[in-house]
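Colleague: Could you take me through this model feature by feature, giving me the general idea before the particular case? I would like to learn how to read such a structure for myself.

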Amino acid sequence: MGMSRILQGIMRYRETYRAGMVKQFEIVRDDPHPKAVFFSCMDSRMLPTRFTQTNVGDMFIVRNAGNLVPHANLCGHEEITTEPAALELGCVINGIRHVIVCGHSDCKAMNMLHLLRNTDRLHHEIIRLSPLKAWLVRHGSSSLAKFAQLEVANFQAPLIFQAETPMRRFVAYIDPDNKFSDEDKLSQVNTLQQLQNIASYNFMREGLSRGKVYIHALWFDIYTGDIYYFSRQQKMFVDVNEGNIEMLLEEVLKYYT
């Protein structure tokens with residue numbers, strides 16, 4: 001296990017996949033056309049290229065604890081993070097038109113954020129000793145505020161999120177069938193909150209307001225392998241399957257092309 005497994009994996013890659021990947025790199029080297037910027041959690045169980053069946057050159061992938069995108073108000077000149085830099089590189093410089101945020105069930109970061117929801121944020125000692133808790137408290141507090149609205153309504157009322165511009169909103173019913181734990185509900189809320197955070201950056205506004213850039217949310221159920229797409233028409237995360245793929249494709253083609 002450990003590093004020896006990584007090195008052995010490299011040798012298997014050299015024997016099996018390397019030649020094919022080099023050919024793919026040659027195809028996209030001079031004229032790459034990535035289709036999406038994909039924000040995902042760093043959880044080792046999350047394999048975005050596998051469950052989306054994407055390939056070399058298809059996506060820019062950004063991973064962190066909790067698939068968080070800091071709001072522009074929390075990301076000034078003295079605290080630049082990777083996430084807005086990736087948005088600028090992908091959408092402004094490379095002209096990528098689709099930004100996807102993908103959360104998942106049993107997210108350890110969201111589980112921790114859920115535990116921290118009643119913690120006094122003035123307890124600086126806790127945050128000072130834990131970069132992870134500091135990251136979650138600073139950039140996950142807006143998700144907790146939305147989750148608190150959900151709790152007050154006994155998980156029955158819809159939430160309202162800002163969409164591409166401050167004047168656009170979308171409605172979201174979170175787990176209306178009550179299939180998931182409270183922590184997973186928070187994960188879904190958090191995934192949608194990041195769409196609002198993405199839209200907070202000045203350099204994203206022109207693309208979002210003019211329909212040059214679109215924002216989407218996916219959610220992956222680790223234990224069933226099901227992928228959920230947030231449908232603004234249906235106002236909830238919808239399991240992507242053989243029975244509804246045509247309907248979802250119709251929605252995407254109608255509103256996001």
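**Reading the helix and its surroundings**

Modeller: The buried residues of H4 are covered by a set of elements that includes S1, S2, S3, helix H7 (131-152), helix H8 (182-198) and helix H9 (202-209). Helices (H or I, at least four residues) and strands (E, at least two) are DSSP runs, numbered from the N terminus, and contact means heavy atoms within 4.5 Å. This is a predicted model, in which local features need pLDDT of at least 70 and side-chain atom pairs count only at pLDDT 80 or more, while totals for chains, interfaces and linings use all residues. Residues are numbered from 1 along each chain as its sequence is written, and side-chain values use heavy atoms, with hydrogens and water left out.

Colleague: Which are the buried residues of H4?

Modeller: The general idea is that an α-helix has 3.6 residues a turn, so residues three or four places apart point the same way. In H4 the buried residues are Glu 83, Pro 84, Ala 86, Leu 87, Gly 90 and Cys 91, where buried means under 20% relative accessible area, exposed over 50% and partly exposed in between, with a 1.4 Å probe and protein chains only. Seen down the axis of H4, these buried residues fall within an arc of 155 degrees, so they line one face of the helix; the arc is that of the directions from the helix axis to the C-beta atoms. The face turned away from this buried side carries the exposed residues Thr 82 and Ile 93.

Colleague: How many residues does H4 have, and what span does it reach?

Modeller: H4 has twelve residues and reaches 15 Å from its first C-alpha to its last, close to the 16 Å expected at 1.5 Å a residue, the expected span being 1.5 Å times one less than the number of residues. After H4 comes Gly 95, whose phi is positive, near 70 degrees.

Colleague: Where does H4 lie relative to the strands?

Modeller: Helix H4 (residues 82-93) lies across S1, S2 and S3, and runs at about 175 degrees to S2. Axes here are lines fitted to C-alpha atoms, for helices over the stretch in contact, and angles run from 0 to 180 degrees between N-to-C directions.

Colleague: In what order do the strands of the open sheet come?

Modeller: Strands of a sheet pair through backbone hydrogen bonds, either parallel or antiparallel. Here two strands count as paired if DSSP finds at least two bridges between them, and six strands form an open sheet in the order S2-S1-S3-S6-S7-S8, with mixed pairing. Its edge strands, each pairing on one side only, are strand S2 (59-64) and strand S8 (236-239). Five bridges join strand S1 (residues 36-41) to strand S3 (residues 98-104), and these two run parallel; Phe 38 has Ile 100 in S3 as its bridge partner.

Colleague: Which strands form a hairpin, and with how many residues between them?

Modeller: S4 and S5 form a hairpin with six residues between them. Strand S4 (residues 159-162) pairs with strand S5 (residues 169-172) in the antiparallel sense over four bridges, and the partner of Ile 160 in S5 is Val 171.

Colleague: How many salt bridges are there, and which residues are linked in a network?

Modeller: Side chains of opposite charge can pair when their charged atoms come close. A salt bridge is taken as a side-chain nitrogen of Lys or Arg within 4 Å of a carboxyl oxygen of Asp or Glu, and by this rule the count comes to eight. Asp 43, Arg 45, Asp 106 and Lys 108 are linked in a network of salt bridges. Asp 43 is buried at 11% relative accessibility, whereas Arg 45 is partly exposed at 28%.

Colleague: Which salt bridge links distant parts of the chain?

Modeller: Glu 164 and Arg 232 meet through their side chains in a salt bridge of 2.9 Å, N to O. Glu 164 is in the loop between S4 and S5, and Arg 232 is in the loop between strand S7 (227-231) and S8, 68 residues apart. Glu 164 is buried, with a relative accessible area of 6%.
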